Amino acid sequence: MATEKVFNGREEFRDSSNLLGTILALALWLGAIHFNVAYICKHACNYFPITLHVEDIKAFDPNRAYVFGYEPHSVLPIGVVALADNTGFMPLTKVKVLASSAVFYTPFLRHIWTWLGLTPATRKNFVSLLAAGYSCILIPGGVQETFLMQHGSEIAFLKARRGFVRIAMEKGHPLVPVFCFGQSDIYKWWKPGGKFFLKFARAIRFTPICFWGIFGSPLPFRHPMHVVVGRPIELDKNPDPSTEEVAKVHSQFMEALQDLFERHKARAGYPNLELKIV
């Protein structure tokens with residue numbers, strides 16, 4: 001029987017957080033000072049706040065490694081802090097977030113992700129982390145998903161993203177669908193359109209976008225976020241899966257993500273929101 005668990009960042013960290021401390025933590029995160037990651041994660045969960053909904057908390061074994069497919073990317077996938085081992089919500093002690101390699105060549109974002117312990121999403125890093133017992137969180141759509149962002153709806157750039165599924169199958173680790181509601185509202189944003197911009201974004205493997213938060217700064221707006229975690233999709237270890245086998249599991253993951261979104265959108269406060277998987 002599934003055991004649902006809900007963690008609310010504001011309730012969990014109310015005693016150790018205050019508005020000034022929370023803003024300081026986020027400023028440290030978005031600024032130029034290296035600081036304690038656990039401090040930042042907990043204050044970030046309190047600031048928005050971030051609520052984590054785990055559909056079946058007992059389905060997660062602390063001694064196993066999982067592959068989390070997190071959507072959407074939005075401007076910045078800040079909601080991933082709810083899944084971090086430093087936050088302490090999930091019963092997993094070893095968790096790593098993998099980010100697009102292109103981000104680590106971008107000064108502002110490179111500092112943020114490096115300080116938070118993120119690592120480039122290369123096959124080598126992915127495989128070695130799983131082998132070391134780390135659960136890995138990936139945003140399959142990556143930074144290219146930001147090019148497809150639309151106001152008023154959510155876009156998941158997933159149909160062409162099968163690499164994470166193949167590696168999960170090769171190593172026999174469960175796939176976990178995750179969706180974050182409200183993350184797309186913590187920043188205002190604008191991006192140019194047109195074929196030239198698309199070609200430019202593809203060439204540099206990154207989408208230049210103009211975004212701003214409180215008073216036009218990088219400090220995000222205080223908008224509640226709800227991160228929902230679906231049940232793990234168990235996979236048998238298959239060292240050399242065929243294209244058809246990968247496609248089948250990939251379809252299963254996309255269906256699970258869509259179903260997770262539909263079942264939780266009203267509860268998260270977005271009854272009319274649509275998710276388009278492209």
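**Ground rules.** I number residues from 1 along each chain as its sequence is written, and side-chain values use heavy atoms, with hydrogens and water left out. Since the model is predicted, I take local features at pLDDT of at least 70 and side-chain atom pairs at pLDDT 80 or more, while totals for chains, interfaces and linings use all residues.

**Ring pairs.** I searched the whole structure and got 11 aromatic pairs. Rings of Phe, Tyr and Trp (its six-membered ring) pair if their centres lie within 6.5 Å; planes under 30 degrees apart are stacked, over 60 edge-to-face, the rest tilted.

I looked up tyrosine 47 and phenylalanine 48: centres 4.9 Å apart, planes at 85°, so edge-to-face. Both tyrosine 47 and phenylalanine 48 are buried (under 20% relative accessible area; exposed is over 50%, partly exposed in between; 1.4 Å probe, protein chains only).

Next I checked phenylalanine 164 with phenylalanine 253: the centres are 5.3 Å apart and the planes at 80°, so this pair is edge-to-face. It links distant parts of the chain, 89 residues apart: phenylalanine 164 is in helix 6 (residues 163–171) and phenylalanine 253 in helix 8 (residues 243–264). Helices here are DSSP runs (H or I, at least four residues), numbered from the N terminus. Phenylalanine 164 has 6% relative accessibility, so I log it as buried; phenylalanine 253 has 0% and is buried.

I also noted one aromatic cluster, formed by Phe179, Phe181, Phe261 and Tyr270.

**Charges over rings.** My criterion is NZ of Lys or CZ of Arg within 6 Å of the ring centre and within 35 degrees of the ring normal. Lysine 94 sits over the face of tyrosine 134, 4.7 Å from the ring centre. Lysine 191 sits over the face of phenylalanine 147, at 5.4 Å from the ring centre.

Note on methods. Helices (H or I, at least four residues) and strands (E, at least two) are DSSP runs, numbered from the N terminus.
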